[in-house]
Structures are given as C-alpha cells and as structure tokens.
Amino acid sequence: FEQMARAGCAPNAVTYSTLISGYGKLGMVEEARRCFTEMKANSCVPNMYTYSSLIHCLFKAGRLGEGYKLMGEMKGKGFTPNVNMHNALIDKLCKVGRIYDAYQHLQEMIADGIVATTVTFNILILGYCQRTRMYFANMILKEMQKFGCHPNVITYTILIKGFCKSGQVKGACGLLIKTIEEGLNPDFSTYMEVLYVLFQA
C-alpha cells in the first residue's frame, strides 16, 4: 500500500476493500476502521464488499452498535445487506445473551425482504436452546417451517441437545425418532446425550 503511494498510484475501492478485509480477518478492528475513514477522506467511494468486510469485522469483535450503524449507512447508500451479514449480527446478539434483540432483528430482516435461511433459524434456535428456553426454540422451529424453510439434521440436533440439557426426556426422544423417520442421521454424540438423560431419568 505504501509502495503504491510512493510510486504515485492512487489506491482505489478495490485496494481499500482488500486491506479492510485483511485487517478484519486478523481481528485488527482499529486498522480496518482507520482504513475505511482514510478511504472516504480520499474521496474513494466504499462498495458493497467494503461495507460487508468492515461490518463482519465489527460484529466479530463484539462492536454491535458500530456494526449496526454501518449497516444503516450502507442501506442509505443503496446497498442491501445480504443474509450472511444479518446472520453474523443475529449470531453475535445470541452469544452476548441478547436473544430478544436477535429475534427482533430476524423480524426486521424478513420485513426488509431478506430471505432467512436454515442457517439463520438454526442460529436463533441454538441461542434459545443454550439457555434451555425450549418453548421459544420450538416457536422458532414452527416459524421456520411457516416460511418454507426446512429443518435439517443440525436443526434437530440442536433441539435434541436442548431438550437433554433441560431434562426433557420425552421431548428429546420424540424428536430423535422424528429425525430418523425423516431420513436424517444424528451424530453419535446426539445418541449418547439422549441415552445419558434416559439413564438419569
């Protein structure tokens, strides 16, 4: 980058975006932020990739407010955040215990016309299951199906382990049977967790 500047080559959006992405992958948030600020100061217009890279970097670092604000700026510039960006925010909100905010963001995302994927719903289901809030996890499962998004083996595995963690033997066994009947194959650890809960009952 410095060699380019010394050679009189002005950095463009691709150059800055690549730098921001690299800093983000290394967890160097301040450097990525500085690069973004410098880019705009040099009248270089950020593109979709620029915003995406910095937003992922901010979410990864737990700087949710900054990332969310940048998503708003991005939308104001005519770019639509993709489902992966929304998933990253929902995932981070769940990890810091802000499950309700994660659910609200899912609703906003759907209202904006972004199609939630199985991954999106799985993230939220996991958030509820890790806190043994199985009623809400099941609610998300039903909502997932309502939107025509099919549960996969990961979805069921998360739920089965959630039932086991909360001591709900009947729910765990029932869902394990349903998973097998649908032709899906839970992993060995899932069977072991169900067996453990059965022996404890």
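Reader: What are the ground rules for the numbering and the values?

Author: Residues are numbered from 1 along each chain as its sequence is written, and side-chain values use heavy atoms, with hydrogens and water left out. The model is predicted: local features need pLDDT of at least 70, side-chain atom pairs count only at pLDDT 80 or more, and totals for chains, interfaces and linings use all residues.

Reader: At what angle do the axes of α6 and α7 cross?

Author: Two packed helices are described by the angle between their axes and the distance between the axes. Axes are lines fitted to C-alpha atoms, for helices over the stretch in contact, and angles run from 0 to 180 degrees between N-to-C directions. Helices (H or I, at least four residues) and strands (E, at least two) are DSSP runs, numbered from the N terminus. Here the axes of α6 (residues 83–95) and α7 (residues 99–111) cross at roughly 165° and come within 7 Å. That makes α6 roughly antiparallel to α7; angles over 145 degrees count as roughly antiparallel, under 35 as roughly parallel, 65 to 115 as roughly perpendicular and the rest as oblique.

Reader: Which residues of α6 and α7 meet?

Author: Contact means heavy atoms within 4.5 Å. V83, H86, L89, I90, L93 and C94 of α6 meet I99, D101, A102, H105, L106 and M109 of α7. By class, this contact has nine nonpolar, two polar and one charged residues. Ala, Val, Leu, Ile, Met, Phe, Trp, Tyr, Cys and Pro count as nonpolar, Asp, Glu, Lys and Arg as charged, and the others, Gly among them, as polar.

Reader: Are α2 and α4 roughly parallel or roughly antiparallel?

Author: The axes of α2 (residues 13–25) and α4 (residues 48–60) come within 9 Å and cross at roughly 15°. That makes α2 roughly parallel to α4. The contact includes S17, I20 and G24 of α2 and Y49, L54 and C57 of α4.

Reader: How many disulfides are there?

Author: A disulfide is a covalent bond between the sulfur atoms of two cysteines. With a cut-off of 2.5 Å between the sulfur atoms, a search of the whole structure finds zero disulfides. For C129, the nearest cysteine sulfur, that of C164, is 10 Å away. The sulfur of C164 is 7.5 Å from the closest cysteine sulfur, in C173, too far for a bond.

Reader: Is C129 buried or exposed?

Author: Buried means under 20% relative accessible area, exposed over 50%, and partly exposed in between (1.4 Å probe, protein chains only). C129 is buried at 3%, and C164 is buried at 8%. F136, in helix α9 (residues 134–146), is partly exposed at 31%.
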